[in-house]
Amino acid sequence: MTPDLAKQVLTTTAETVLARRYYLKDAEGKVIESWETLVRRVANAVAEVENEQTQQKQLREDFFNIIYHLDFLPNSPCLMNAGTDLGQLSACFVLPVADSMDGIFTAIRNGALVHKTGGGTGYSFSRLRSKNASVRSTQGVASGPLSFAAVFDAATETIKQGGKRRGANMGVLRIDHPDIMDFIVAKEDQSRFNNFNFSVAITDAFMQAVEDGSEFELIEPSTREVVKRLDARTVFDKIIDLAWHNGEPGVLFIDVANRDNMTPQLGCFEATNPCGEQWLLPYESCNLGSVNLANFVKKGKIDYDRLKKVVRTATHFLDNVIDCNRFPIPEIAEMTLKTRKIGMGIMGMHDLLIQMETPYASEEGRALSGKIMRFIRDAAEERSIELAREKSPFPAYDPQVNVYPPRRNAALTSIQPTGTVSMIADCASGCEPYFSIVMVKHVMDGDRLILVNKYFEKIAREEGFYSEELMSKVADTGTVIGHKEIPERWQQIFRTAQDIRPEDHIKMQGCLQRSGVDSSISKTINLPANATKEEVKLSYITGYKLGCKGLTVYRDGSRDKQVLHATDSTAKDKTEKTAIVSERGLAKQILPDTLNAKRYRVKDQYQKSVYIIVCFDENEKPMEVFAKFPFDNRVDLKDKSTMWTTTCRLVSLALRFNVPMDEIIKQLDRSSGHMLDLPAQLSKLFKSFLAGTQRGFSSTCPECSGNLRFEEGCETCGDCGYSKCS
């Protein structure tokens with residue numbers, strides 16, 4: 001082993017994620033790889049497509065070095081599958097859905113094959129005739145896009161991506177489709193279409209109608225006839241209302257995207273991949289990779305020379321991936337080889353800005369980020385042009401249509417989610433700011449473990465304001481803002497996702513898009529829980545004006561909590577709390593008739609939905625819990641339902657007798673027999689209440705019961721690396 005390799009140390013979290021999701025295992029499930037052997041496997045497989053042995057040898061080392069040292073990481077399917085029998089290395093696919101039963105079910109079949117190999121799919125349902133439109137072949141009427149989207153969703157539910165997780169989909173419907181209003185409200189009920197992100201494809205004409213306060217036309221796709229007109233502002237307000245409600249649907253600015261279509265002679269964009277960063281033509285796929293910007297700051301300066309070398313090597317790597325890829329179906333192979341699109345992205349951007357002592361939400365931060373993104377794109381294009389000379393341009397290149405120089409790849413850059421790979425690299429994901437600077441992790445015996453961002457801890461110690469008490473306070477409040485011990489300068493530099501104003505998130509996305517992103521950007525516009533619908537509207541309008549190709553907003557906590565009973569402002573509900581004192585001197589809290597409650601949906605080990613309902617007093621203290629178990633005739637599930645009900649009653653009783661929360665947690669942890677059983681689920685909830693993380697309390701990870709955070713357009717677990725859509 002070389003000295004450089006000996007120095008390479010992965011974090012404990014990185015090793016956990018790799019062992020859980022990436023390292024190859026034997027028939028008994030035992031890990032048989034290390035980080036070094038995984039990277040060797042990937043580098044060797046991708047270099048093998050070169051014709052000359054000498055170049056193969058050099059590329060094996062070049063590819064190994066940039067990945068092993070965490071300067072660049074390819075997408076998860078490549079890390080998992082390169083050099084294996086599966087051999088499917090792409091993350092993103094768009095599949096067409098034709099307006100026929102054969103076309104619809106061909107798309108479902110093809111989607112299942114993609115999901116089986118670890119990819120995510122985007123579908124446009126805009127070609128499907130509207131609900132109740134006539135069907136000449138049967139003399140009947142159509143059931144509409146949403147009814148078929150439900151079939152796609154059900155098929156996805158049964159297929160795990162690469163045998164590891166269920167597939168992820170993007171469902172798109174044009175704003176001028178007659179069923180658009182049904183589509184907009186389709187995910188208001190969060191129990192439906194759980195394997196889909198929904199986005200509305202918004203046209204320039206619609207946005208102009210919104211600005212003018214005029215009507216726009218709905219066009220029946222099967223006849224191309226105008227069937228209705230709607231008031232644009234009313235429809236836009238409904239999109240805003242639902243986005244405010246739970247973040248869906250997102251919006252895709254389809255005309256903006258098609259203006260940047262590198263191969264218009266092959267057709268128009270209809271849809272994106274599940275997280276929205278890859279606009280792809282029907283049957284196209286794209287393999288992705290991300291440069292870790294955290295690694296290119298040296299003594300307060302950016303090492304542009306080394307960055308250029310890494311980007312050039314990574315461009316060659318991603319181009320080679322296309323040739324060694326085993327595509328799920330022939331149509332995808334044909335289209336992908338025709339355009340040879342790659343998605344060079346970034347991660348660790350916030351790490352770079354922190355090291356440069358530049359606030360993310362500042363003009364300086366945006367200018368620097370845009371400059372770096374342009375530098376990366378220029379370096380990637382330079383290498384792609386060289387590869388075109390050495391090998392050939394992408395086959396669909398047409399000098400009569402394509403005004404740019406002949407190059408190897410039709411598209412070069414995007415900014416994609418890097419949930420698990422950024423955990424391996426120990427950096428902020430994508431172009432997002434850090435979600436938190438100090439976190440709390442509870443271990444089995446109820447101990448509270450404080451995890452501090454490495455840059456923040458270093459600076460706090462160097463400048464003398466580090467203390468365990470302060471770190472605990474930052475963890476409890478979820479922000480560095482407002483702590484007098486922290487100098488104002490560092491408060492600004494360490495602002496996290498929810499400390500940054502929505503307009504500053506959007507300005508960063510717009511800056512990066514204009515500076516050097518061919519395709520699009522997967523980013524979340526974080527809004528505080530008390531954000532208004534007008535603020536959501538302003539976010540969408542601002543993003544459109546700044547040239548963004550799509551937007552996802554997320555209002556803190558909007559997907560996770562449901563107030564079951566709103567407390568009245570009447571005197572009856574504001575009476576003082578009273579208690580019954582037993583003969584043994586124990587005080588049992590008397591509960592009022594009405595309590596605020598939050599509902600949390602989790603999965604048990606049978607992947608059945610279970611709803612945990614927690615009721616709170618006016619001080620946000622949990623007072624009782626309930627579990628609603630789905631009805632099932634199986635005896636074992638009926639027994640489980642009874643057990644959960646009994647456990648909830650005992651925990652509720654302990655809460656009403658004011659048993660300390662940490663004691664309840666300790667007993668729940670000792671009672672847990674499975675990470676998805678009720679004691680484990682309740683313990684996870686109560687630990688979050690203790691840690692003060694009700695702020696933005698998130699859904700529960702289906703694999704480890706950790707908390708999912710919403711960023712980059714998808715939900716990601718910071719504990720085990722599970723990601724819903726990347």
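Is Pro528 buried, partly exposed or exposed, and why?

Reply: This is a predicted model, in which local features need pLDDT of at least 70 and side-chain atom pairs count only at pLDDT 80 or more, while totals for chains, interfaces and linings use all residues. Residues are numbered from 1 along each chain as its sequence is written, and side-chain values use heavy atoms, leaving out hydrogens and water.

Pro528 counts as partly exposed because its relative accessibility is 33%. Buried means under 20% relative accessible area, exposed over 50%, and partly exposed in between, for a 1.4 Å probe and protein chains only.

Pro528 is placed in the loop between β21 (524-527) and α21 (533-545). Helices (H or I, at least four residues) and strands (E, at least two) are DSSP runs numbered from the N terminus. Leaving out residues up to four places away in sequence, Pro528 touches Arg555 and Asp556; contact means heavy atoms within 4.5 Å.

In α18 (residues 468-477), Leu470, Met471, Val474 and Ala475 are buried. They lie on the same side of α18 because they cover an arc of only 140° around the axis, the arc being that of the directions from the helix axis to the C-beta atoms. On the other side of α18, Glu468 and Glu469 are exposed.
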